[in-house]
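Have the sequence and the 3D view open side by side.

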Amino acid sequence: MAERGDGISKLIEKSQQAKEFSYCPYSKFRVGAALLAHDGTIFTGCNVENACYNLGICAERNAISTAVSHGYKNFKAIAIASDMEEHVISPCGGCRQVMSEFGSDWDAYLTKPDGSFVKMTVMELLPTSFTPEDLKKKTLQKSN
Ligand code: THU
C-alpha cells in the first residue's frame, strides 16, 4: 500500500467509474481500468464478457486498445479497480503481456475499492517478457 498523489487519485477514480460500465453477467466480477497517456489523456475500459465465454475481454486490454485506436502508444500508468474489498486486483497474464508490448518502464496501480493500492512497474509484473524487440533478433534459417 502507499500514499497517493493527486494525479493518481484521479486515475484511480476514473478506473472506479469505468468499473460501473462492466458487462459481466457470467462472472459478476466487475473490473475497470484507467490508462494515463504521456500527454495526460486518460483512456478507460471495463471488462466485456460474452455468452461464448472465451471471447470476454479484460478491462485493461479494452483501455489499451481504445488508446491505441486513438493514436496513443506511450503510457505513464494504468489504474485497475475491482470490487474485492480486501484484496487489490491483480492483472491477468494476458493483460501483463499486452501492457509489456508498450514498454516495461511504466506503472500499474492495483487498487482496492477504498482507493488504496499497490504500485508495480510493468517490468515487475512481467519480467523477461516476450517483446517486439525479440522479433528483431537473429534467428535460425527457416525451412517452412
Ligand atoms: N478481469 C479483468 O477484466 N481484469 C483483470 O485484471 C482480471 C480479470 C475480468 C475478466 C472476466 O470478465 C472477469 O474479470 C472474471 O475473470
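Which residue does UniProt give for the feature "active site"? The unreviewed entry puts that feature at Glu60. A caveat on such records: UniProt positions are given in the numbering used here, feature names are shortened, and annotations may be inferred rather than shown by experiment.

Some ground rules before we go on. You're looking at a predicted model, where local features need pLDDT of at least 70 and side-chain atom pairs count only at pLDDT 80 or more, while totals for chains, interfaces and linings use all residues. Residues are numbered from 1 along each chain as its sequence is written, and side-chain values use heavy atoms, with hydrogens and water left out.

So where is Glu60? Look in helix H2, residues 59–69. (Helices, H or I with at least four residues, and strands, E with at least two, are DSSP runs numbered from the N terminus.) Glu60 counts as buried because its relative accessibility is 4%; buried means under 20% relative accessible area, exposed over 50%, and partly exposed in between, with a 1.4 Å probe and protein chains only. Setting aside residues up to four places away in sequence, Glu60 touches Val31, Ala33, Ile78, Ile80, Pro91, Cys95 and Met99, where contact means heavy atoms within 4.5 Å.

Glu60 also belongs to the group around the ligand, together with Ser27, Phe29, Val31, Asn47, Glu49, Cys58, Ala59, Ile89, Ser90, Pro91 and Cys92. To be listed there, a residue needs a heavy atom within 4 Å of the molecule. That shell splits into 7 nonpolar, 3 polar and 2 charged residues. The classes work like this: Ala, Val, Leu, Ile, Met, Phe, Trp, Tyr, Cys and Pro are nonpolar, Asp, Glu, Lys and Arg are charged, and the others, Gly among them, are polar.

Now for the ligand's oxygen atoms. An N or O atom in the Glu60 side chain is 2.5 Å from one, and a backbone N or O atom of Ala59 lies 2.9 Å from one. From the side chain of Asn47, an N or O atom is 2.9 Å from a ligand oxygen. The protein covers 77% of the 370 Å² of accessible area that the ligand has on its own, by the Shrake-Rupley method with a 1.4 Å probe; for residues, only the protein chains shown count as cover.

Ser22 sits in the loop between helix H1 (6–19) and strand E1 (31–37), and it is buried because its relative accessibility is 14%. Cys24 is in the loop between H1 and E1 and is buried at 10%. Its C-alpha is 5.4 Å from that of Glu49, though 25 residues separate them in sequence.

Finally, the unreviewed UniProt entry lists a "binding site" that includes Asn47, Val48, Glu49 and Ala51. Val48, in the loop between strand E2 (42–46) and H2, is partly exposed at 35%. Ala51 lies in the loop between E2 and H2 and is exposed at 58%.

Conventions:
Polar contact = N/O pair within 3.5 Å; in protein donor to acceptor, adjacent residues only side chain to side chain.
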